[in-house]
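Thanks for making time, everyone. Please have the sequence and the model open while I talk.

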Amino acid sequence: MGENLLEIKDYCVTYTVDKINSYAVNHINLSLGKGETLGLVGETGAGKTTTALSIMGLLPKYGVKTSGEIWFDGQQLTGMKEKDYRKIRGKRISMIFQDPMTALNPVFRVGDQIADVIKIHNPKLSHGEVGEKVDEIMKMVGIPPERKVEYPHQFSGGMRQRIVIAIAIACNPDLLLADEPTTALDVTIQAQVIKMMKNLQKELNSSVILITHDLGIVANFCDKVAIMYGGEIVESGTLEDIFDKSLPHHPYTIGLFDSLPNITEKTDRLKPIKGLTPHPSELPDGCKFHPRCPQCMDKCKSGDNPELYIDGTHCIQCHLYSKGDK
Amino acid sequence: MAEEKVLLEVKNLMKYFDTPRGMLHAVDDVTFKLERGKTLGVVGESGCGKSTLGRTILRLINSTGGQIFFDGEDITHVSDAKLLELRKQMQIIFQDPFSSLDPKMTVSQIIEEPLKIHKIYKDKKERDKRVIELMKIVGLDERYVNTYPHELDGGRRQRIGIARAIALSPKFIVCDEPVSALDVSIQAQILNLMMDLKDQHGFTYMFITHDLSVVKHISDEILVLYLGKMVEKTTSDRLFENPIHPYTKALLSAIPIPDISYKGKEAQVMKGEVTSPIDPPDCCRFAARCPLATDKCRKECPDFIEVEPNHFVACHYWDQQPKEEKA
């Protein structure tokens with residue numbers, strides 16, 4: 001195990017717009033070791049992207065309140081000065097954005113966009129050396145280096161996402177945040193990109209946080225999983241902890257799995273979770289999931305968050321498994 | 001009679017777009033029959049002509065060649081006046097519930113628009129009654145009747161789109177990726193709703209999607225398209241049991257399965273990307289990415305042949321491929 005590369009402790013983010021508070025992230029705890037991959041799973045509005053932006057230090061400056069701590073390799077990131085943050089961002093922590101169509105600048109050549117990151121973090125490199133590095137990185141993501149003089153619109157969606165990945169890995173980051181990197185892509189291209197990311201991750205030995213809503217990709221790619229709902233991590237553990245159906249699970253996790261159409265067996269009807277994900281400004285009292293939970297009890301409807309049920313690496317935040325009253 | 005059973009028949013349908021760089025073959029020689037009350041899933045990657053096919057069938061865009069028969073009638077070139085009549089019977093649910101609803105109209109205005117255009121009810125009162133009834137059918141709470149689309153989430157918006165499509169009790173609905181913009185838990189709700197509606201009202205669906213697990217769930221038959229060409233067509237069970245075309249196989253193996261017992265099994269990753277649909281060469285269009293391609297594939301266009309009862313494939317080597325090993 002050893003040192004944890006990333007440690008998030010009791011972290012909260014609240015956005016305030018027009019005097020309405022949105023509780024995007026609520027008291028989350030996460031840790032990630034070197035070379036580990038974590039799948040952060042949840043639906044729209046669960047707080048996945050806010051968590052990632054917090055780690056990157058890219059939250060908007062105004063209208064945001066945060067509390068708690070984020071530690072990265074022995075340094076505290078929360079409250080760090082922008083000047084210091086810049087030395088980490090892009091070099092030691094970098095991010096792959098969801099939409100390759102908008103993440104690139106349309107008026108710069110892709111080679112220049114990759115070179116930008118390298119130049120900023122290695123100011124001593126000569127022009128030629130930067131060029132060599134760009135070629136090398138483009139080869140790593142499977143794009144012929146001759147294409148570096150082209151503009152983003154000349155690439156297909158899958159290729160553009162490879163360039164976004166190239167920019168993210170340009171400085172061999174220790175931690176890579178991938179925010180739904182394949183959602184905008186076709187299945188066959190998605191398979192290519194995931195395979196490439198897997199190989200790169202092995203090669204560079206980076207830690208990866210993969211944000212997704214696709215449990216299929218998580219099963220393929222990750223070592224650890226954290227399931228988010230209403231800004232909280234409702235269940236976390238190793239891949240086996242989460243995907244083993246014989247173990248206890250949070251009702252939301254069960255609902256997520258049941259909502260997926262299964263291609264391996266025939267089912268007549270899907271079993272969706274009833275109701276809708278609450279907006280972060282209107283989170284219910286008690287357990288955030290209780291209005292949609294099929295096993296809701298009286299004590300779920302108010303009061304503090306349920307205690308964590310802990311079994312080795314497996315944590316569930318649900319009254320069903322709280323100690324003493326099964 | 002068999003004639004009666006078939007609701008929609010498409011013969012050699014073609015749609016080419018004239019672009020500055022040449023002819024773009026969006027839909028090329030597509031032929032199929034769809035029986036009443038059945039669901040045809042149309043699968044393929046972006047740019048393979050799925051949506052164009054759906055829109056051409058509905059005559060939202062005019063075809064370049066071929067024929068469309070709806071309810072025994074050739075509708076390929078019917079007049080606009082006749083088309084208006086037809087619209088009562090064929091409708092579409094769009095992919096994106098964010099851009100397919102007019103932001104300046106309230107929910108009730110959106111749902112009642114088709115009723116108004118076709119003058120189904122005499123007065124506003126009756127229309128309003130029908131709107132409320134429709135909202136109930138699709139599971140929208142009555143209190144949303146005067147809200148605007150931007151106030152609602154994706155799942156509810158898609159329900160509005162569905163209510164609008166079924167307002168005229170059509171026979172045939174083209175569903176153009178109706179759930180791909182939604183979250184998984186909402187996606188399951190909408191899929192269940194659509195299947196219930198089909199059972200209750202006897203709709204016939206053409207379900208366009210790129211998500212194979214969804215298509216298996218909802219379809220009776222599946223048509224796989226690649227660059228506008230039909231690649232494989234069979235019943236949904238058969239396609240998943242015994243895919244024959246290399247493209248179908250690659251598509252199936254690319255689906256990430258949410259089960260860790262599959263971990264470690266390297267998915268066959270298909271090389272390359274969809275080639276350009278502009279002036280495609282007269283050969284197998286998949287040849288450039290196919291692991292089995294030979295010179296024959298690069299020269300001749302394979303026919304779409306029936307290799308077993310109700311299982312059609314367009315591949316020169318359908319009988320010589322290694323059998324799919326059973327898991």
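**A walk through the two chains**

Let's start at one residue. Gln192(A) sits in helix H7 of chain A, which covers residues 187-204. Keep in mind throughout that this is a predicted model.

Is Gln192(A) buried or exposed? Gln192(A) has 24 other C-beta atoms within 10 Å. The cut-off for buried is 20 or more. So Gln192(A) is buried.

What does Gln192(A) touch, if we leave out residues up to four places away in sequence? Gly158(A) and Val269(B). Now take Leu256(A). Along the sequence, Gln192(A) and Leu256(A) are 64 residues apart. In space, their C-alpha atoms are 25 Å apart.

Stay with Leu256(A), and look across to chain B. Leu256(A) belongs to helix H10 of chain A, and there it joins Gly255(A) and Ser259(A) in meeting H7(B). On the H7(B) side, the partners are Val184(B), Ser185(B), Gln187(B) and Ala188(B). By class, this contact has three nonpolar residues, four polar ones and no charged ones.

How do we describe a pair like this? Two packed helices are described by the angle between their axes and the distance between the axes. H10(A), residues 251-259, packs with H7(B) at an angle of about 50°. Their axes are 8 Å apart. That angle makes H10(A) oblique to H7(B). The crossing of the two is left-handed.

Now widen the view to the whole contact between the chains. How many residues of chain B are in contact with chain A? The count is 34, and they meet 35 residues of chain A. Three helices of chain B each supply at least two residues to that side: H7 (184-201), H8 (212-218) and H10 (246-253). Which gives the most? H7(B), with seven residues. By class, the chain B side has 18 nonpolar, nine polar and seven charged residues.

Next, chain B on its own. Chain B has eleven helices and twelve strands. Its C-alpha atoms fill a box of roughly 65 × 50 × 45 Å along the principal axes. For 327 residues, a compact globule would have a radius of gyration near 20 Å. Chain B has 21 Å, which agrees. Of its 327 residues, 43% count as buried. Then look at contacts between residues at least 6 apart in sequence. In chain B, 65% of those join residues at least 24 apart.

Here is a helix pair inside chain B. H4(B) is residues 107-117, and H5(B) is residues 124-137. They pack at an angle of about 115°, with axes 10 Å apart. H4(B) and H5(B) are therefore roughly perpendicular to each other. H4(B) passes H5(B) in a right-handed crossing. From H4(B) come Ser108(B), Ile111(B), Glu112(B) and Leu115(B). They meet Arg127(B), Arg130(B), Val131(B), Leu134(B) and Met135(B) of H5(B). The classes here are five nonpolar, one polar and three charged residues.

Last stop, back in chain A. Helix H1(A) runs over residues 48-56 and is mostly covered. Seven of its nine residues are buried. Those are Lys48(A), Thr49(A), Thr50(A), Thr51(A), Ala52(A), Ser54(A) and Ile55(A). What follows H1(A)? Gly57(A), with a positive phi near 70°.

That's the tour. Over to you for questions.

Note on methods
Residues are numbered from 1 along each chain as its sequence is written. Chains are lettered from A and ligands numbered from 1 in the order in which they are written. This is a predicted model: local features need pLDDT of at least 70, side-chain atom pairs count only at pLDDT 80 or more; totals for chains, interfaces and linings use all residues. Axes are lines fitted to C-alpha atoms, for helices over the stretch in contact, and angles run from 0 to 180 degrees between N-to-C directions. Helices (H or I, at least four residues) and strands (E, at least two) are DSSP runs, numbered from the N terminus. Angles under 35 degrees count as roughly parallel, over 145 as roughly antiparallel, 65 to 115 as roughly perpendicular and the rest as oblique. A crossing is left-handed if the near helix is turned anticlockwise from the far one by less than a right angle, and right-handed if clockwise. Two residues are in contact if their C-beta atoms, placed from the backbone, lie within 7 Å. Ala, Val, Leu, Ile, Met, Phe, Trp, Tyr, Cys and Pro count as nonpolar, Asp, Glu, Lys and Arg as charged, and the others, Gly among them, as polar. The radius of gyration is taken over C-alpha atoms; the globule rule is 2.2 Å times the number of residues to the power 0.38. A residue is buried if 20 or more other C-beta atoms lie within 10 Å of its own, exposed if 12 or fewer, and partly exposed in between; C-beta atoms are placed from the backbone.
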